[in-house]
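Subject: Structure handover

Hello,

Here is the structure for you to look at. Please open it first, then read my notes below.

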Amino acid sequence: MSDSTQSKLPVGDAAHTPADMTPVPGQLPVLPLSDLVIFPNMVAPLLVTSQQSIRLVDDVVAGDRLVAVVLQKVADQEHPRMADLQEFGCVARVMRMLKFPDETVRVLVQGIARIKLVRLVTETPYLVAQVERQEDVIEPGIELAALTRNAVTQFQRVVELSPTLPDELKVAVQNLDDPSKLGDIIASNVNLAVEEKQGLLETADVRVRLSLLCTLLNREQEVLNLGSEIQGKVNKAITKTQREYFLREQLKAIQKELGEAGESGGEIAELRDKIDKAKMPAEIKKVALKELDRLSTVPPAAAEYTVARTYLDWLIGVPWSRGTDDKLDIARARRILNEDHYDLEQVKKRILEYLSVLKLKSETSKDTAVNKGPILCFVGPPGVGKTSLGMSIARALGRKFMRISLGGVRDEAEIRGHRRTYIGALPGRIIQSLRRVESNNPVFMLDEIDKVGADFRGDPSAALLEVLDPQQNNTFSDHYLEVPFDLSRVMFITTANLLEPVPPALRDRMEVIELPGYTEQEKFHIAVKYLVPRQLREHGLQPSQLNLRKDAIVSIIRHHTREAGVRNLERTIATICRRTARRIVEGRTNSVTVASKNLKDFLGPPQFFHDMAECELEPGVAIGLAWTSAGGDILFIEGTQMPGKGHVTITGSLGDIMRESVQAALSYVRAHSHQLGIEPKFFDKNDIHVHVPAGAIPKDGPSAGLAMAVTLASLLTRRPVHPGVAMTGEITLRGKVLPVGGVKEKILAASRAGIRTILLPEQNRKDLRDVPSDVRKKLKFVFVNTIADAFNAAIPGPS
């Protein structure tokens, strides 16, 4: 394969037959060209790189020096075959050949005549084809003369406009009488696409060829005219800019001699005044004044002017010294927290302790830097009041409140901002929020910190390491501002549903406060004290127009909602308010009383059944306790047996850990089959299937191991588990029961579901102190050390 090259080769006066009189052999070696079309009478240098083509050139030079040069259909094809070449090409004479040290060959060829490839003769060692000379079709006449003259005129105009074509070409085409040669010389020198040149080469009728060439010359002339016009406009614009620059410099010199201010208008003076009033730190003010001095020398029409002006606006707008005075009245803070939230005594206690420390620090030192404190992180299921707690803290402190959600944030620039070199660059959301709230010490809530993502644009959680580190955030540097900002006075509060997705390094910088789910009694008091009055106000109802009785609220909690928080509870109360408002507006009644008896008229039939877990269970069914991001929940674990060959099937969208728990439980039961009264050969003749309902929901975790073991023992001994019994715990092959987490949430879920007895690992006994006393009184707790203890407590003995 060969390519065109710009290398200049010496051309001698070797004697040869004129191009148009040279006889063309019936068979010729074929040299494929990747991006060049050779016309008759055209001289062109070629670079030959492939070994096959180099051998072809060597043989041609040693012979009659004639070769067929044909364009490839696909330019980058390494070893084209006959079918990969155009049908028409040109027979050329190799005039010069030079070999170079890099094992490449450069040849100078001259086109002789058009040819057509008739058929393939051989492909080895290179392509050889039978060719047929294509004679020009010339019909003398007025039309041909007009086309010839038009082509000469247009080509001369193209030469004048093109910076790459020499003026000698104008004279050369003027002295040509042969219209065929004229068309070939013009086509070989004009900047045309390869496909267009190939089309001209294939056209034997000279009149049609010149007509097509005139069309292409007209297009090329328009392109060159447009390019010349654009270049003229650019030169004119550059000249105008230079003239304005010199005039502006002269104006500055005149103003300096007259003693007038060099600032262009009152805008610079206004910005200077704002910088003085912003009370920036000395280093920041120095940067702002330097940027202002640079802005005064930039013409307002320049793009750089807008960038610099926007940057100064951000520097001025950031609250460097504006803040609010803290109201560190502990009694007032306690009252506000009690007004906004029911119970949560441990959480309120920790917040009041934090405020007490801030008060002591503020009294012992006037330095605001001593107000640094731990970053609070509220962790709990949805709807337990994490965000509203932050608002209460801001109200108790007398500070402004700002909240941003980090859920789905994947770009580090969302936290640190963009570099000013980018178009449309802005500071990060931290600086933007501080400017919006106009305070340097607000209560700043970073919501959903466990849902921060990461991709090729960076890791926002890594950028938060500096923001949430009290030892580092006093010199927080935003990529846009590029100056340090003190975040140590900001009280950061983060929220999360789960702590596991938060990176350990970020988790280490925060003090975690867990907000567990509410008990039924707590939900009742929250509904009476907060939710019902708020929904009455939002729906325009008076207390006399809607009487939501206590038994109705209890029924809503038990039978229409099942959650750790109170979000669905409030949504359900809102539904009742909307339907009450419609009845009043339609004139059907003046007031509505909702009790448990008529609750279904507003909400429909019950969605949940409180005594579901108290039903009699069949052999092979046990109730486990699970912990999720939405709080605790109960799981029914089912097992069944059937004749087979000892296979075990596990279904229910279980993760690897739960599957391993089933295997461990089955191994323990098989190892202790004698004590359980199970026939040893039973496992070889029967298949076992373990299933956890709600198969569309993925489930995983080690705490279901104890319930799996009890399920299999109940199934194989054909003895049902005691009704109202639930359990949780991780098991080992030795029969030990290990402690698990989320005990409080699991116990609350069991209480909501009507469980009466709970089996817990002995090492989880200490966790009962976190469970509300009213819940502990309703439940019976059995603590087990081994799986055998659990079997004895959960499964009745043989009758």
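Is Phe444 buried or exposed? Phe444 is buried, with a relative accessible area of 0%. Buried means under 20% relative accessible area, exposed means over 50%, and partly exposed lies in between (1.4 Å probe, protein chains only).

A word on the source. This is a predicted model, where local features need pLDDT of at least 70, side-chain atom pairs count only at pLDDT 80 or more, and totals for chains, interfaces and linings use all residues. Residues are numbered from 1 along each chain as its sequence is written, and side-chain values use heavy atoms, with hydrogens and water left out.

Now the rings. The whole structure holds five aromatic pairs. Rings of Phe, Tyr and Trp (its six-membered ring) pair if their centres lie within 6.5 Å; planes under 30 degrees apart are stacked, over 60 edge-to-face, the rest tilted. One of the pairs is Phe444 with Phe492, which is tilted, at 5.5 Å centre to centre and 40° between the planes. Phe444 sits in strand β10 (residues 443–447) and Phe492 in strand β13 (residues 491–496), so the pair links distant parts of the chain, 48 residues apart. Strands (E, at least two residues) are DSSP runs, numbered from the N terminus. Phe492 is buried too, at 1% relative accessibility.

Strand β13 also holds Thr494. Thr494 is buried, at 0%. Its contacts (heavy atoms within 4.5 Å) include Phe378, Leu446 and Met510, not counting residues up to four places away in sequence.

Best wishes

Conventions. Helices (H or I, at least four residues) and strands (E, at least two) are DSSP runs, numbered from the N terminus.
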